[in-house]
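Here's a walk through a multi-chain model, taken chain by chain and then across the contacts. Keep the viewer open as you read.

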Amino acid sequence: MNELMPEQFMFLSAALFIIGMVGVLTRRNVLVIFMCVELMLASVNIAFVGFAWEFSQMTGQIFALFVIAIAAAEAVIGLGIIMALTRQRDTVDINEVRELRQ
Amino acid sequence: MSSWLFLIPLLPLAAAVINFILGRWFLQHASQWLATLAVAGSFILSIPVFLEIVSDEQAISQHLYTWIPAGDFDIPVTLFVDQLTATMLLVVTGVGLLVHIYSIGYMHGDPGIYRFFSYLPLFVFSMLMLVMANNFLVLFVFWEAVGLCSFLLIGFWYRRRSAASAAKKAFIVNRVGDFGFGIGILLIFVTYGTIEYAGVFDMVGDASQTTITVIALLLFTGAIGKSAQLPLFVWLPDAMEGPTPVSALIHAATMVTAGIFVLARAYPVVSQSADAMMVISIVGIATAFVAATIAVTQYDIKKVVAYSTVSQLGFMAFAIGTGAWIAAIFHLVTHAFFKGLLFLGAGSVIHGMHEEQDMRKMGGLKKYMPITYWTFLIGAAANAGIIPLAGFWSKDEIILGTWLYDHTVIMVIAFITAFFTSLYMFRAVFMTFHGEERFNPDEVHPHESPRIMTIPLIVLAVFAATIGFIGFPPEDGWFHHFLINAFPGLTLPDVAWSTIFIFAGISTLIALSGLFIQYMAYVKKSISPAGIAGLLGPLYKLAANRWYLDEIYDVLIVRPLVAFSMFLWRFVDAQVIDGTVNGVATLVTYTSQQWRKAQTGLIANYVFAIALGAIIIIGAFMIFGSNLFQ
Amino acid sequence: MDSLPILSLMTYSPLVGALIILFWVNAPANAVRWIALIAASVSLVFSLIMLAMFDRSDSGMQLQETFRWLPDVGIEYYLGVDGISVPLVILTTMLVVIAILASWDAIQHRVREYMIVMLLLATGMIGVFVSLNLFLFYIFWEVVLIPMALMIGIWGSANRIYAAVKFFLYTLAGSLLMLVAIVATYQSYFEQTGERTLSVLQLSQGDYGTNFQMWVFLAFFFAFAIKIPLWPFHTWLPDAHVEAPTAGSVLLAGVLLKMGGYGLMRFNLPMFPDAAEAFAPLIIVLSVIAIIYGALVALVQTDLKKLIAYSSVSHMGFVTLGIFAFNAQGMYGAMIVMISHGLVTGALFLLVGVVYHRAHTRAIEKFGGLATNMPIYASFFGLFMFASLGLPGLSGFVGEFLAILAAFREYPIAGIISMAVVVLSAWYMMWMFQRVVWQRAPGEPPDHDDPELKLAGSEAPPKVAGGSGDHHHEDVDPRTLSDVNAKEILTLVPLALLTIWIGVHPGPFMELMQPALEALLEPFGGSGF
């Protein structure tokens, strides 16, 4: 049984982050984008927890907990916005919503 | 005596202010009496002042207050009377009083009479202050103030386009002269550190010859404007749009002679510069000649007298230029009386002819208005230089001066001009009062003017006939000995009686020949004026069109300046400056518009930009390490 | 100063009036007008008390009021007046009262807001002239800007938004540069002495490097040059003047332009004397250009207000001309030109307002022959026209002649060129006067005794004033306009009296300024005293 190396959780975190980012950049469905954002947050959490284990410090774990809490709050607001959006526009396609342009 | 000197100008000022404020609603015609009484008061007060100067031969002055206390530029208002001023005091208040009395008749029934009798005493006040100033700046103040009165009175019938334009023209053209005059005052102050006469005259020699010449010429520039010399005399004939008494007082007797007065006042400066004197005499003789040629061709009776005034002012100017200072002032005094008389006489004719000014529509008026005729004739003869009337003595002395001080060319031209003087004067007399009646007797009923107008005429005629004797015998009269005190360093030349007789003879001959020619032309009809005009061709046209001066100014100055102003406004202001300002604004807007395109509204793009930015920052940080932001 | 805080009372009494109007929501229009008038009059009375308390022999700041504000950064509430600010303050308080009277009938909609803006403006303008702390000064400077822009933008005529924005941006650009300069000066002084202060008097004691002075001088100078306005920063002025309501134009010409000249004398000269001397020739050149340029452009204007606006550019050129000649006559000249221009141009705008209120046009060609039916109006017009064209005996001449003399002593050519304005000013003012006040209404035939009628037979047909007589019937016939009423006379008389007083006997005014001007000139050798 090998010791967990930092590279391993770093790669995992980076891979998840990039997957999430690509998802945010490429997908058009608001819900999917939203899930991808959550994925990015989770990837950061993995990095935090991993480093906490690596350096035997609690700071990383505390940060991870913070991030989870904030992600929860953000999810509420984000989903709320999506709900309002679908009610208003009857669409979840991000390209249909270009109000910021004018 | 000097403690109530201030009353002399104050009385007309008070009358002017009261008439102006209360005239329209309360005083109405009473304003004419108030003004006349005030000027009469000034005249009466001037007499003892004059007598004191005569007996004491000492200048008197009264300090009133400090006008501008700006550091070392400290300007007092001080009344100052010496022989020159005392002479002017009597002329101004005397002629002024007669013109006031005359105006009561002439302006009778005019709805704006209160304005007239407010401006006229205001003019008398300004003119008195002008001659009583003791420094150049106060002189300049009232120099402008008489210009203001001239403006208001020329434009008295402001509803006439011609009168309004003439008033404006007079003021602006005068201001061209004032431009030079003002710079002259600046130069005097910078050179001598003071602008009070006494201080400046004491130190004249301290400045370089060039400076003195420049100062003298700048002062003369002012005189060119005010005393209607070439090339600025164009305003004076137009100024005849004003009521005739105004022309008599302002544009003949007093204001226009202010330029001559200033030159005489600045005698210690001007006489130091031979170059400046040369210029003055050339300009003077040219003015005298040009104006005389124009006067011969005019048909408007007032214009004839106006050009005659310009010509006589030219005589005074070249008298000063040739060094005949006292003769110039002598001519100023006699001219004030006979030219005032001529204008008032012309006014009487116009009044009797129902506002007709064209001599071609007159003729044979002698029998309708005998008093006007005889007084006008005396004035004309005095102007033409018929012995022994006032104009003869003074003009003859000026021409004698050119001989005494060796200006032969000027003397010859002066004799020619004197011939023209006689021509235009008697032409006016004969065209107006003799020959057949050219007006329509059904429409026009010529009549003699009321007594209030003829009495001033008679008084002036008496003076025009006799005032010359104060200067008798030539170069040695009472007036010369009196005035010589105002010109320190000047000596009266010794003239042999034979020389005097020769000159008097030539003058008289010239004057009589002019009379004779015009008598043949307009009474006997044996000479055809039109024939002569045709013979002269372009020369006649040149004179009749006033040497095209107005047109030249219009083409060379007015139009280009207006066009240039338009260019400044429409191009420099609107295009260049505002263009730059608006250009900056447009640039900002344009740049913003370009940046706006980045705002697609697609969240994906924004996120991509964020990610890209994060990568760039992190990358830079990794490459440069923590030195990046130091 | 532990007795009455007279300067604060004077500065804030208009503000109190504004607050009363603000909180009395349903005030009837007349009550609003009276409150504004009373507030402004109280301010005027306080300013006259200030004049009485002012010691004319003292060159320093008087009636000082200080109040700790943010002492750590050198910001304090610091007021004081000297011989330079006192005349300008009184000019301001007086013109505000006159402006309120002039708006009495002219402003009929949004009276409440108008008066609030007016009173705010008053507080700002007085504050500019009395504050001695740069921070406070800057606040007041900006306080002036906004109400003025509002006044032009809301109560102005047709093209008002453009004019308001232009005015706002122009001035703001200048004042932002000034803000930078203030901070720079503050920092430099701190580095020299270790003391943090924004007091003008203290900052004037600083010793700044020449290079630093140049830049900071320029930054201040731009702010003030735009306000004056000096050529080529003047193009906001004609637009602002033309579009502003009458009272706005009066205050703009009467007070706002003076803030520029005052700023130069209060800040630029004492703080950066080396730079001032270095830039003087350049500024003299700009001044001479402004003087001639303004006069020439005024010559071809067709709009009454625009003509007067361009004449302002010309007149205000004498202020910088006088200041930067650095001698006694120049300083006196600049001050008197400022006061005189405030009175005369203010009055001319009032006069334009009178006919604009009646005829709803400012085009010169629509008028004519006003002297016939408006004789009192014509008299005032004539008086102020002559004052404006520099007739001696009226206020304009004293200031302008002194400024020209000052310039002539140092830069003879500049003096000579600017002297040419005596011809041009007479030309444009009389050209306007002739067409508006004299002659006849457009299209009106000559009177029966007019010689033009006689010319008809012999020469060209009589030209009728105003040309072909094709005036539209919606135009008001100038012959029907009524003469100035009592209220209008009330606004004009004090200006007329002061104009004559300064012209005939400027001594008292000059004595008031003398110690302060002498002190101001000290770093420059103080020549001429």
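Predicted model: local features only at pLDDT ≥ 70, side-chain atom pairs only at ≥ 80, totals over all residues.

Residues are numbered from 1 along each chain as its sequence is written, while chains are lettered from A and ligands numbered from 1 in the order in which they are written.

Let's begin with chain B. Its C-alpha atoms fill a box of roughly 120 × 65 × 55 Å along the principal axes. Chain B holds 25 helices and two strands; here helices (H or I, at least four residues) and strands (E, at least two) are DSSP runs, numbered from the N terminus. Among contacts in chain B between residues at least 6 apart in sequence, 80% join residues at least 24 apart.

Now pick out helix α2 (residues 30-56) of chain B. The expected span of a helix is 1.5 Å times one less than its number of residues, so the 27 residues of α2(B) should span 39 Å, and the 40 Å between its end C-alpha atoms agrees. Its buried residues include B:Leu34, B:Val39, B:Phe43 and B:Ile53. Among the elements covering the buried residues of α2(B) are α1 (7-27), β2 (73-81), α3 (83-106) and α4 (113-132) of chain B. Just after α2(B), B:Glu57 takes a positive phi of about 55°.

Helix α19 (residues 451-466) of chain B passes the same check, since its 16 residues should span 22 Å and its end C-alpha atoms are 22 Å apart. Its buried residues include B:Leu457, B:Leu460, B:Phe463 and B:Ala464. The cover over the buried residues of α19(B) includes α3, α15 (325-352), α16 (370-384) and α17 (390-404) of chain B.

That brings us to the nonpolar core, a set of buried Ala, Val, Leu, Ile, Met, Phe, Trp, Tyr and Cys residues joined through C-beta atoms within 7 Å. The largest one has 443 residues, and those with the most contacts inside it are B:Phe123, B:Ile260, B:Ala328, B:Ala464 and C:Met118. Helix α13 (residues 328-359) of chain C gives the most to this core, with 19 residues. Domain 1 and domain 2 of chain B both give residues to this core, so it lies between them. Leaving aside neighbours within four places in sequence, B:Ile260 is in contact with residues including B:Ala223, B:Leu313, B:Ile320 and B:Ala328.

How do the chains meet? Of the two pairs that touch, chains B and C have the most contacts. Their contact takes 45 residues from chain B and 51 residues from chain C. On the chain B side, α6(B) gives the most, with 16 residues. That side divides into 26 nonpolar, seven polar and twelve charged residues, where Ala, Val, Leu, Ile, Met, Phe, Trp, Tyr, Cys and Pro count as nonpolar, Asp, Glu, Lys and Arg as charged, and the others, Gly among them, as polar. Nine residues of chain A are in contact with nine residues of chain B. Chains A and C do not touch, their nearest C-alpha atoms being 23 Å apart.

Finish in chain C. Strand β1 (residues 62-70) and β2(C) pair in the antiparallel sense over six bridges; strands pair if DSSP finds at least two bridges between them. C:Gln62 stands opposite C:Val81 in β2(C). C:Val130, in helix α4 (residues 111-130) of chain C, is buried, with 29 other C-beta atoms within 10 Å. Its contacts beyond four places in sequence include C:Val81.

Conventions: Buried ≥ 20, exposed ≤ 12 C-beta atoms within 10 Å, placed from the backbone. Domains from an automatic or database assignment. Contact = placed C-beta atoms within 7 Å.
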